[in-house]
Amino acid sequence: MSDRVSFSCDGAPVDVPIAAGETLLTVLRERLGLVSVKDGCAPQGQCGCCTVLVDGEPRVACVTPAARVEGRGVTTVDGLDPGVRDRLVDGFVACGGSQCGFCTPGIIVRAASLLEQGKTARADIDRALAAHLCRCTGWLPIVDAIERAVAPEAVAVARDLAAAARRAEMEGGVAQDVDRNVPRGAAGFADDTAPRDALVAVPRAPGVSTQSETAYGVDWVVGESLHAARVAAGKVQGRRTTRSDPVALAVPDAPAGGVALATGWVEPAYLEPDASWCAPGGEPASPLANGGAFGGKAASIAPAAARELADRLARPVRVVLAREDTVRLGPKRAPVAATARFGDGTVVVDGRVARGGEHAFADLPVAYGIDVESRWEPVDVVGPPVSDGLRAFGLAEQAVLVEGALTEAGVDRAAIATERAATVLLDTAVVAPSGACAGARVAIDPERGHLTGVEVRVAAGDPLDETVLRSYCMGAVHMALGWVLSESLAIDPVDGAPLDLTIRSFGVIRARDLPAVTIELVDDDGPPLARASDAVFAAVAAATWNALTTAEGARPRAFPARETRTARTLRQAL
């Protein structure tokens with residue numbers, strides 16, 4: 001038997017039944033159909049995607065019991081003052097503050113609260129964003145968007161949104177909108193478009209004995225509602241382990257005059273958990289409705305499972321993964337362990353890579369007039385599945401090793417840079433398979449260990465839309481810094497299961513800890529070139545590694561670089 005809760009939602013009175021333990025998030029999404037409120041980590045309360053106002057104060061809906069809002073006023077992004085909301089939406093569009101747009105509605109709700117209180121200094125914005133996560137934009141476009149909303153008299157820049165969407169697709173790999181619907185959460189994510197009377201399938205928690213359906217290699221518990229299905233399936237406890245396993249493969253000995261590096265498991269950490277739905281005999285909804293994931297969902301289990309279950313049960317079926325399910329079942333960046341040395345005009349790279357990632361190293365372009373001989377041996381590693389399709393995988397690993405070897409050998413990059421690489425060369429230069437290229441320089445305060453600045457140059461042919469290109473490049477800077485300095489995932493050495501299951505445990509760098517970043521788009525005649533942000537990721541990662549030293553004055557030999565002052569500073573902040 002259900003209780004009921006009555007409250008005001010976006011200015012209208014509502015009275016709905018609630019089940020025991022039900023949260024405000026499920027009431028808003030499942031019972032009222034307000035899908036602008038996103039579920040990124042429920043019930044962890046750590047990503048901020050489900051932020052709403054309760055009596056004017058920001059609250060995370062996934063950890064707010066529904067019974068607690070009895071008689072109160074709840075405001076979603078749809079119910080904000082239209083003038084404030086439109087200023088923020090326009091700011092996000094103008095500054096590239098949203099890409100996939102999944103995290104943006106919650107950020108806009110909190111930003112509206114800031115504007116209402118007059119708390120619009122940079123410190124106020126950084127403090128507010130500490131309650132949120134964004135994987136796409138690298139934070140700075142979000143800050144710019146909020147600051148622009150404070151000064152709505154800013155002159156709008158005429159943009160071709162069709163060209164902007166084309167650039168977004170070239171960077172993210174899938175079709176993407178960039179219009180005003182995106183920051184409002186109306187980009188058509190898979191679970192948002194599902195019929196609310198569909199059956200709901202969620203993965204059965206390990207060790208739980210309950211009736212389930214096996215589809216696409218996973219046991220699914222099916223219920224009439226998301227809340228009912230999750231209760232029956234049991235919970236995989238979101239947790240943050242105290243284990244510290246930075247590498248999956250042993251760090252090799254560096255050759256004389258060369259470098260050695262080993263990397264660990266890295267969670268893609270996209271904000272929208274895998275989801276799909278399908279009608280019997282139909283085509284399943286894509287989990288890549290508006291970009292996001294950067295290759296992490298290319299082999300998602302959700303669409304095939306939705307189709308199989310819908311056909312078997314003769315009803316539309318929603319497949320919905322919780323954050324913990326996404327971490328347990330989704331692919332990771334393949335760990336590597338390798339050495340590199342420069343001599344006689346050639347960089348020789350010898351490496352091992354977790355099986356499944358070896359194909360990413362074939363026929364990679366070089367930025368310098370040298371030969372690169374790379375040998376990558378696939379090896380079996382106890383751990384989760386891997387993907388060679390994650391952002392800049394292969395390109396970044398090899399670029400880091402090549403740049404490290406050149407630095408150890410004292411090679412003048414300007415003397416060996418190809419004509420194309422010379423247009424972007426800073427401390428490093430990387431050319432992507434498309435021909436897009438980027439150079440980077442990373443500054444670190446050696447006394448305090450703080451990142452003090454990142455400088456990037458990019459050549460991507462016709463940019464199509466500079467705002468979108470800069471936003472993607474900014475996001476690549478953020479991801480690259482995290483890969484080198486702070487991001488890791490502890491894995492059980494016996495069964496290979498991820499031990500870090502909370503979204504805050506992955507080491508994603510927060511807004512206030514990101515240094516100043518400048519991105520220069522150099523003139524580059526010719527057609528638009530894809531995946532320029534992959535080249536940025538690789539160039540920034542290489543420049544960061546070259547800028548780091550341990551207390552002993554040596555280069556760190558593992559990612560994340562835990563033994564450096566910079567990495568320790570970031571970990572303490574996180």
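Where does Glu272 lie in this structure? Glu272 sits in the loop between strand E9 (259–263) and strand E10 (275–278), where helices (H or I, at least four residues) and strands (E, at least two) are DSSP runs, numbered from the N terminus.

Before I go on, a word on the basis: this is a predicted model, in which local features need pLDDT of at least 70 and side-chain atom pairs count only at pLDDT 80 or more, while totals for chains, interfaces and linings use all residues. Residues are numbered from 1 along each chain as its sequence is written, and side-chain values use heavy atoms, with hydrogens and water left out.

Back to Glu272, which counts as buried because its relative accessibility is 7%, buried meaning under 20% relative accessible area, exposed over 50% and partly exposed in between (1.4 Å probe, protein chains only). Leaving aside residues up to four places away in sequence, Glu272 touches Phe102, Phe189, Ala190, Pro287, Lys297 and Arg323, contact being heavy atoms within 4.5 Å.

Let me turn to the largest pocket, which holds about 450 Å³ of space. On a 1 Å grid over the protein atoms alone, a pocket is an open set of points where a 1.4 Å probe fits, with protein on both sides within 12 Å along at least five of seven lines, and lining residues have an atom within 4 Å of a point; grid points are joined across faces, edges and corners, and the volume is the space filled by probe spheres set on the points. Of the 22 lining residues, the closest to the centre are Ala42, Pro43, Arg230, Val231 and Lys235. Helix H1 (24–31), strand E6 (199–203), helix H7 (226–233) and helix H9 (323–329) each give two or more residues to this lining, and H7 gives the most, with 5.

Next comes an open sheet of 4 strands, in the order E17-E18-E19-E20 and with mixed pairing, where two strands pair if DSSP finds at least two bridges between them. Strand E17 (428–431) and strand E20 (517–521) each have a single partner strand, so one side of each is left without a neighbour in the sheet. Within this sheet, strand E18 (residues 437–444) and strand E19 (residues 451–459) pair in the antiparallel sense over 8 bridges, and Ala438 has Val458 in E19 as its bridge partner.
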